[in-house]
Amino acid sequence: MNYYEIGQRIRKFRKAYNLSQEELAEKVGISTTHMSHIETGNTKLSLPVFVDIADALSVQTDELLHDIPQTNKTHIKQELTEILDACSTQETYIITDIIKAVKISLDKYHE
């Protein structure tokens with residue numbers, strides 16, 4: 001198990017939600033130092049802390065353990081296609097603009 005990679009995924013989601021280490025640590029009930037050590041892979045995190053972090057970030061634990069598998073991405077793409085198929089042309093343009101804006105924002109926080 002690569003704790004550094006898990007920590008980096010936690011960091012990625014934390015930044016995507018625009019949370020500081022202090023804010024996430026407070027939500028989880030651990031010290032900021034411990035959160036820092038988790039994100040850098042300098043400590044092994046307990047299962048309860050791991051689950052609390054996933055809950056605080058509103059992500060599934062699998063997303064923190066592994067990169068999202070391609071099969072999940074395919075399923076998500078299919079779901080998005082179904083949603084867009086049920087939209088008018090105008091709604092499709094609006095949703096597309098929203099998705100682009102969210103992606104730009106996420107990229108900004110992953111730098």
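## About the model

The model is predicted: local features need pLDDT of at least 70 and side-chain atom pairs count only at pLDDT 80 or more, while totals for chains, interfaces and linings use all residues. Residues are numbered from 1 along each chain as its sequence is written, and side-chain values use heavy atoms, with hydrogens and water left out.

## Helices α1 and α4

Let's start with helix α1 (residues 3-16) and helix α4 (residues 47-57), whose axes come within 10 Å and cross at roughly 25°. Helices here are DSSP runs (H or I, at least four residues), numbered from the N terminus. The axes are lines fitted to C-alpha atoms over the stretch in contact, with angles from 0 to 180 degrees between N-to-C directions. α1 and α4 are therefore roughly parallel to each other (angles under 35 degrees count as such).

On the α1 side, I6, I10, F13 and R14 make the contact, and on the α4 side F50, I53 and L57 do (contact means heavy atoms within 4.5 Å). These residues divide into six nonpolar, no polar and one charged; Ile, Phe and Leu count as nonpolar, and Arg as charged.

## Salt bridges

The model has three salt bridges (a side-chain nitrogen of Lys or Arg within 4 Å of a carboxyl oxygen of Asp or Glu). One of them joins the side chains of E5 and R9 at 3.6 Å, N to O. Both E5 and R9 lie in helix α1, four residues apart, about one turn of the helix.

## Meet Q21

Q21 sits in helix α2 (residues 21-28). Leaving out residues up to four places away in sequence, Q21 touches R14, T32, M35, S36 and E39.

Note on methods
Helix = DSSP H or I, 4+ residues; strand = E, 2+ residues; numbered from the N terminus. Parallel < 35°, antiparallel > 145°, perpendicular 65-115°, else oblique.
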